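User: I have a structure to go through with you. Can we take it piece by piece?
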Amino acid sequence: MNRRDFIKFSAMAAATAMARRKSGAAEAGPGEASNGEGNSPEWHKAPCRFCGTGCHVRVGVQDGRVVAIQGDEKADVNNGLLCVKGYHVGMILYGKDRLTQPLLREGGELKPVSWDKAIDVIAKRIMEDPDAFGFYGSGQWTIPEGYVAQKLMKAGLSNNHIEPNARLCMASAVTGFVSTYGVDEPAGCYQDLDECDVLIMWGNNPAEMHPVLFSRVIDRRSRGEKVRLIDISTRRTRTTEFCQDYLEFRPQTDLAIANGIAHLLIQNGTFDREFVDRYCHFRQDTEPDSLFGKPMSFEEYRQAVAKYTPEYVEELSGVPAEKIRMLGELFGRRDLRITSLWCMGMNQHSRGTAINRLVHGIHLLSGHFGRPGDAPTSLTGQPSACGTAREVGTLAHALPGGRLVAKEDHRRQCEKLWNVPEGRISSKPGYHTVKLWEKFCTPTNQGGDIRTLFVQVTNPGQSLPNLHKHFRGKKGLEDKFLVVSEVYPSASTELADLVLPASLWVEKNGIFGNSERRTQQWYKMVEPPGDARDDCWMTIAIARRLYELGHSGMKDRDGQFIFAMKNDEGEEVPIWQWPHYYDINVDKRLYEEYRPFTWMKHKNVAPYDELVKARGLRWPVVETDDGGWRETRFRFSGFDDPFVEEGKRIQFYHSVTKDDRALIWFNPYEPAAEEPDKEFRYWLCTGRVLEHWHTGTMTMRVPPLRRSMPHAYIEMHPDDAAEEGFSNGEVIQLMTRRGQIEAPVWIEGRGRVPRGSLFVPFFDEHRLVNLVTLGAVCPISKEPDYKKCAAKVGKVGSSTPAMAKGPEVRP
Amino acid sequence: MNESARPLSRREVLTRFLRPFGEPLARTSRRLQGAAPKDRSENPEQVAVIQGRYCLAYEGTFCSACREHCPVPGAIVINDGTPQVQRDQCTGCGICQEICPAPKNAILMLPRPKGPRHRE
Amino acid sequence: MSVSGLVITLSEEPSARDRALESLEAYPGIERGQLSDRWLPVVVERPDDESGEAVFREISLLPGVEYVDVVFVHFENADTKQGALGNGQTKGMHGSPQVTAASNR
Ligand code: SF4
Ligand code: SF4
Ligand code: SF4
């Protein structure tokens, strides 16, 4: 056989082997399920369990198991595409160590108990001291789960200590929207990405965090459309690779950059005078900071931003003055459509509210608002941070439908809708997340007045900042009691006194609300494993037990149980008994009960039955004359929003100033809460990676995802690594004033930090970066900054100053 | 993305010209996971081939895990977001195949046709 | 010289499949292997890789051909890059077909 024949032989051998393989199993590409058996699975729709993009998947179910996942081609959000997590989402149900029975800690060990016992234990803890109870939920709660928790706490226990983990991710976006427009959530939608000419990403890495969304933009380019991508960031990411411009700024100076743009718009006279005159006022902060600040005149605003010349901004941020001018010029052009995107970079910021306001401000000032493609758009990380945390208002200060506990008329409205006696809702806001955990981890006799905490659908033992202070402090506090509802053992269950096994994703009915105001519904498709049960049920069962124990708050005005439900025949169904929970569609009833709340601030969500038919609908959803339902893509814009008065181009109908105008804020640049110094000379930034969802409890149990990204790493600049004497892959120590961790250095890996910076992802429970993060919070939103603190690095085993050494951290 | 004369990204420059130093991450990873230190050394008899059909990056979503974990800088390069194996650089170690997270593994290790050694 | 090993996915529809097989006969430099169900392994030999790619594209456009997978590529000069491995697939979504027009799946 000569060489040429040999090559041909090899080619044929490879092709034949492949052809055989293909004929053996039905062909399958990404997103297509192969199903060798021939009898096909039954297909259902559901939103993906993971990120706020809110892709829809088709779920193939066979013999009571999820066997296949496909991208849903009927879904507007993703048109059949999924990211690597989405393709594997079905596998999260089948990790080997799913929790399947309630476990109660006795003598230091978790031992199986019955559900009755578990529910009874919680109810008695609450009865003992109702005000010392806190509920810590999630932006991954379904809307009904959040709603029952909210109602139990505020309308039942008259206790406002309820928080979602979403406080850690979008609280600053909320305060940004509310202080600018008087009402939460983006005005635009994903269509902005299809129509913008310029897309500016502010500390945002959608290629990894909202991949399917970002692919919409990249796909436009591959079709030959021109769209200019600008990455304003502190670190090169996968997103950077697709951008024409990369503006690297010194952490925290995004405030200066935004002000620099505002200054140029005014100085060059290119701001949109007409838009500003008709639709805006100017605002500044009070001393101390407040959500709504105080008015300022245009002239005062002009003077305030005048200091931010391109040269001054360069000095602060390190971004060349000509790049700042470039941004100023782009915003000054009316012929371009500009969309800004942001997520955790702007939200997890010790001046998070301020930077959110400023970016809205430059869009308003330049009139880049309210046309498709002209939008300041905040993305949410979690699948229902908008739907549950923001809209249901499961926050310490909020009520459903954009109401506030501090306002008497708001409380009365909600009490009426809930049919509970006047005065039932407490007027005092509860503790925000960081405070709540601080109180829980402080001994009771030292003011730690939260004694029992119930955690659902989140993993605070890994995701809270400065874990020694905010989570591990609980250890050894005898009278503190932590209840964790989870699907897998986690850093949180480790310290839990009671662990409740939960149903996950399509093991239960659910409704999510994604980043673009889209409410999405799915049905239960498979049974949860063992004795795992729905979170919604747990809350209702606890409420019922409290009712039986005689807690008066569990009764409404008519003496009925607050979660009483009747079937179609009008008979009461004991939904608190698990075997009867699915006798009726509890989700639907709770959702329909919740819907009227959404009418109060024009966030009208669609009826349940409409959601069943759709791949999600974007609120406000209003009934049309012919009895159909119409969703809204562009809020406040006359051409699309049904609540804008006839003939108006733009109307901010929830305006803070009650005159249909939005507020353009001035907030100054202020340094970060902790900046590098001589000893701790690096900036430390934390974040996610494409393959893993948050703390990895689910995705680390999906083999392909774990293989692809098996552990956390420390991203470092090659020159810094060389200077420190580290080689690629070497396990090193990372220290801050709060503790230390060990992880390998990764150079030229996924992202690239500039000199003097480090990046560590937080998904790895064996390398908990949150043991070292700072947790300084934005004064208004109370959201912690996970993106900035000061750190140093060293060889493993090298002696470190005693003060820098935290407790043992390797689990 | 059809931009003509696209300049090399910094990443491309670095991955092409920066030589690895020390232990590649993939090896550390095995150790950290407590996995048996399976010898993933070079295997000149095979070469990695990316099947675009199954590769997430070719399908329009984002992935470059193989590029990041490949111990030979430049053996996999990313062009316009999609990975390509440079056959002359690939040492046949198979790490990329091991970590590819696509629903159908997109990487095939094929015999490298170059000598009578391969004849069966 | 380039040698590629391809797997051609033929239509499920018998008459279309036959038509495809016929048209494949007409191609010079193609060696057919053993048909497995509707998957046909072939080897394409070309003097240079440019025309190799052209054949590959043409094959994917033949009626009755649903898809072409490249499973093996050999280029004589080592610095030629593996461009053909894109499988004739265009990246994309949202309106642009995910695969070439011929592979209507
Ligand atoms: S982009 Fe988000 S919602 Fe879509 S598949 Fe990926 S993780 Fe799921
Ligand atoms: S790891 Fe697999 S899916 Fe990801 S880019 Fe490489 S070949 Fe494609
Ligand atoms: S086989 Fe090894 S050297 Fe070759 S591309 Fe894959 S990881 Fe790189």
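Analyst: In chain A, three strands make an open sheet in the order 20-21-22, with antiparallel pairing. Strands (E, at least two residues) and helices (H or I, at least four) are DSSP runs, numbered from the N terminus. Two strands pair if DSSP finds at least two bridges between them. This is a predicted model: local features need pLDDT of at least 70, side-chain atom pairs count only at pLDDT 80 or more, and totals for chains, interfaces and linings use all residues. Residues are numbered from 1 along each chain, chains are lettered from A and ligands numbered from 1 as written, and side-chain values use heavy atoms, without hydrogens or water.

User: Which are the edge strands?
Analyst: Strand 20 (510-513) and strand 22 (617-618) of chain A. Each pairs on one side only.

User: How many bridges join strand 20 to strand 21 of chain A?

Analyst: Four, and strand 21 covers residues 518-522 of chain A. A:Ile511 stands opposite A:Gln521 there.

User: New topic. Which residues are around ligand 3?
Analyst: Chain B residues, including B:Cys70, B:Cys90, B:Cys93 and B:Cys96. A residue is near if one of its heavy atoms lies within 4 Å.

User: And by class?
Analyst: Nine nonpolar, three polar and no charged residues. Ala, Val, Leu, Ile, Met, Phe, Trp, Tyr, Cys and Pro count as nonpolar, Asp, Glu, Lys and Arg as charged, and the others, Gly among them, as polar.
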